[in-house]
Amino acid sequence: FADITHEKEYQLELEKMAHYDALTNLPNRFLLSDRIIQAIASIQRTEDIIALMFIDLDGFKQVNDLYGHQAGDHLLKTIASRFVNTVRESDTVSRIGGDEFVVLITGNQHIHELYNIAKRLLIDASKEVEYEEQSLKVSCSIGVVYYHHKYSAKIGSEQLLRLADQTMYEAK
């Protein structure tokens, strides 16, 4: 017999590094893309709507410049945690780089529910974050794309991400 515990732990660590953001421990773009593909496949059989919310933090660069990268990292982790607590466990909050997050909301049949989630995410981002006796404050811009199986059967995850990114820039 041979103990392969260390090899298995190393393999799990590599898988985690490939699928999760190192700072926030949220799914990265690769895992998000996979979850979007799964969500699209899932709604082909239902009346559900997918919402993809592209979030960019406004004022984050100034926090990094004024208070340093550790403060910026603390801010990102705090806001990421708030976002996760705002959505359901079945939804996905991901960090795709820098100060950009994407939230995938699945299993909804009413757009007004999705609107309320986006509103709560805006509030989450704008709440102050305490760091070493400093109050850090940012806001955010959110671009939202709604997708229903009746819209198009050939849309992919990257196309949905690009559309959400475009709507975020329009929101700015």
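## The loop between α1 and α2

Asn25 sits in the loop between α1 and α2, in a model that is predicted rather than determined by experiment, where local features need a pLDDT of at least 70, side-chain atom pairs count only at pLDDT 80 or more, and totals for chains, interfaces and linings use all residues. Residues are numbered from 1 along each chain as its sequence is written, and side-chain values use heavy atoms, with hydrogens and water left out. The phi angle of Asn25 is near 65°, a positive value in a residue other than glycine. Most residues other than glycine have a negative phi. Asn25 is partly exposed, with a relative accessible area of 41%, where buried means under 20%, exposed over 50%, and partly exposed in between, using a 1.4 Å probe and protein chains only.

Asp21 also belongs to the loop between α1 (5-19) and α2 (29-43), but Asp21 is buried because its relative accessible area is 15%. The side chains of Asp21 and Arg95 are joined by a polar contact of 2.9 Å, a term for a pair of N or O atoms within 3.5 Å in which, within protein, one must be able to donate a hydrogen and the other to accept it, while residues adjacent in sequence count only if both atoms are side-chain atoms. Leaving aside its neighbours within four places in sequence, Asp21 is in contact (heavy atoms within 4.5 Å) with Leu26, Pro27, Asn28 and Arg95.

## The loop between β4 and β5

Another positive phi in a residue other than glycine belongs to Glu132, at a value near 45°. Glu132 lies in the loop between β4 (129-131) and β5 (134-136), and it counts as exposed because its relative accessibility is 61%.

## The chain as a whole

The protein chain holds 6 helices and 6 strands, which are DSSP runs numbered from the N terminus, with helices (H or I) of at least four residues and strands (E) of at least two. Of its 172 residues, 43% count as buried. Among contacts between residues at least 6 apart in sequence, 68% join residues at least 24 apart.

## Confidence in the model

The pLDDT, the predictor's confidence in each residue from 0 to 100, averages 89 over the protein chain, and 94% of the residues score at least 70. Confidence is lowest in α1, at a mean of 69, and highest in helix α4 (residues 69-86), at 97. Where pLDDT is low, the predicted coordinates should not be read in detail.
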